[in-house]
Amino acid sequence: MPPVIEVRNLHKRYGDTVAVDDVSFAVQEGEIFGILGPNGAGKTTTVECIEGLRNRDRGEISVLGLDPQRDRAELTQRVGVQLQDSQLPDRLRVAEALELYSSFYRDPTDWRALMDTLGLADKADTRFGKLSGGQKQRLSIALALVGGPRVAVLDELTTGLDPQARRDTWALIEDVRSRGVTIVLVTHFMEEAERLCDRLALIDAGRVVTVDSPAALAERAQVQQRIQFRPSAPVDDRLLADLPDVTEVTHRGDLVLITGNSNALGAVTSLLARRGVVAQQLRVEQASLEDAFVELTAKHSDSKN
Amino acid sequence: MSVTTAPAPATAKASALRRMVLTEFKLYLRERIGPVWGVGFPLLLLVIFGSIPSFRRPSADLGGLTELDVYVPVLVAFVVTMLSLVSLPIVLAGYRERGILRRLRTTPVGPGRVLIAQLCVSLGTVVVTVAVLLAVARLGYGVALPKQFGGFVVATLLAVAALMAVGLFVAALAPTGKAAQAIGTLLFFPMMFFAGLWLPIAQMPRVLQHISHAAPLGAAVQALQDSAQGHWPHPLQLGTMAAYAVVFGLAAAKLFRWE
């Protein structure tokens, strides 16, 4: 099956500033594809070229077989968009907004059902200006879906939301995907990418660093383990530091903090056991997508310089 | 309720425009700037002027007309200016500032339609308000309806075209809704001065009269007063308004950005 979205060697500059240098990736039908990267990496410009909001300077883009520049009219029928920082008139009511936007499309979804699904039914008569951040975001998602799109591009979906609203929104996105909509998600939240995305394109300085699943990305980064505990009796730092798997030992109050490779935990606990010391409040931080992100983007900048 | 049959694109677009005009009109009423300042305030001025007995007495200085005869066209110009030059740019620049026009660019109808809807709402409000103004002046204070009615309609529409063009120009330049409000309000007072709100044009010093004739509202008020008294408006005044409409309309079209 051909990919739903294919981007090849996309290049876009604003004056002297190169926003997107060379970006290529393909999005498969039915997946949640994340575009992850630090601020200013070129994520938003990339999706704006996909949405047809900006004209690319070089490269090829195909969305559902359409060229966003040439076939914009048709593209807007089939691609739902949620923009970063886009609002509605403050005095427009939720139901009015949905009814208005559904009138734009050839074959819209039932906006009342959508309003129910997104938990906005009891806010139908509430003005946009009076909605909470999470409700505004849900309405914005509803508007992206009201045209019955096959692809939805969502930019900075949960920025500014509280943790509960963020989790609710994630559940919603999974629900949308289960209805067969392919989703492109722009984010700079690792947790969001890890939780939602089937695959991720990691973008830094206008280039794709890598494309992979969140788990594979985290694994690829050879990140050290961080261990912390409160020893039941004093332990000589040198004994710990001499362990071959340990690279660093420090203290914070009466906590011992150890960094080391993936075998460090075993080595440390057996040393403590031999000396009859109990590790209280033991915490181990595993390599996360965030570590992978930092490491991969750092490597990338190194190789450039 | 679910409409699953795909209507012909033209019908779909017509219904989108209808829905948009309806929505923009509702918002217009809720925002209140237009209804309060563009409709309520000129009507209040009419009632105040109309309640002053000396305003209803024919005056030799005004060639046998009453002050009110002269002021009704000025109030029509007030309505047109408030709705086209002040209220319209605030909405459009605000929509751009809030990313609403940009969001519409990602839909099949595009942002052009919201512009059309806004123009429809403004024009519709002008027409209704002017009709109410003339009716109140006639029934409440005995001001005759425009004697050259066709000329009055043409002059009003040209005034709307000229002022909307300037309003769109302001909307093109203003980065925010607040900036548009400031610019529109700043332009409003000198424009209304040359329309004769404070001093009838006929009583202005000669220099100010010349400026007034070249100003869009001065030309509008002259044309409205002439047609109110039964003369077809002078082509120079109609031409002045048309020129403002074309020049500022083109400049606005060139400068206007959706985002």
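## A loop residue in chain B

B:Arg32 sits in the loop that joins helix H1 (9-31) to helix H2 (33-51) of chain B. Helices here are DSSP runs of H or I with at least four residues, strands are runs of E with at least two, and both are numbered from the N terminus. The phi angle of B:Arg32 is near 75°, a positive value in a residue other than glycine. B:Arg32 counts as exposed because it has 12 C-beta neighbours inside 10 Å. For that term, C-beta atoms are placed from the backbone, and a residue is buried if 20 or more other C-beta atoms lie within 10 Å of its own, exposed if 12 or fewer, and partly exposed in between.

A word on the model itself: it is predicted, so local features need pLDDT of at least 70 and side-chain atom pairs count only at pLDDT 80 or more, while totals for chains, interfaces and linings use all residues. Residues are numbered from 1 along each chain as its sequence is written, and chains are lettered from A and ligands numbered from 1 in the order in which they are written.

## What the record says about chain B

UniProt, in an unreviewed entry, lists "domain: ABC transmembrane type-2" for residues 33-259 of chain B. Its positions are given in the numbering used here, feature names are shortened, and annotations may be inferred rather than shown by experiment. In the model, residues 33-259 of chain B are 76% helix and 0% strand, with the end C-alpha atoms 24 Å apart.

The unreviewed entry also places the feature "transmembrane region" at several spans of chain B, among them 36-55 and 70-93. Residues 36-55 of chain B are 80% helix and 0% strand, and their end C-alpha atoms are 25 Å apart. For residues 70-93 of chain B, the figures are 100% helix and 0% strand, with 34 Å between the end C-alpha atoms.

## A helix pair in chain B

Now to the packing of helix H3 (residues 67-97) of chain B against helix H5 (residues 112-141) of chain B: the angle is about 160° and the axes are 10 Å apart. That angle makes H3(B) roughly antiparallel to H5(B), a term for angles over 145 degrees. By class, the contact of H3(B) with H5(B) has 17 nonpolar, five polar and no charged residues. Ala, Val, Leu, Ile, Met, Phe, Trp, Tyr, Cys and Pro count as nonpolar, Asp, Glu, Lys and Arg as charged, and the others, Gly among them, as polar.

The residues of H3(B) that meet H5(B) include B:Leu75, B:Val79, B:Leu83 and B:Tyr95. On the H5(B) side, B:Gln118, B:Thr125, B:Leu133 and B:Tyr141 are among them. Contact means that the C-beta atoms of two residues, placed from the backbone, lie within 7 Å.

Chain A has eleven helices and 13 strands. Its C-alpha atoms fill a box of roughly 75 × 45 × 35 Å along the principal axes, and 42% of its 305 residues are buried.

Where the chains touch, 25 residues come from chain A and 23 residues from chain B. On the chain A side, H3(A) gives the largest share, four residues. The residues on that side divide into eleven nonpolar, five polar and nine charged.

A:Asp85 lies between strand E5 (79-82) and H3 of chain A, and counts as exposed because it has 11 C-beta neighbours inside 10 Å.

Definitions and conventions. Axes fitted to C-alpha atoms, helices over the stretch in contact; angles between N-to-C directions. Parallel < 35°, antiparallel > 145°, perpendicular 65-115°, else oblique.
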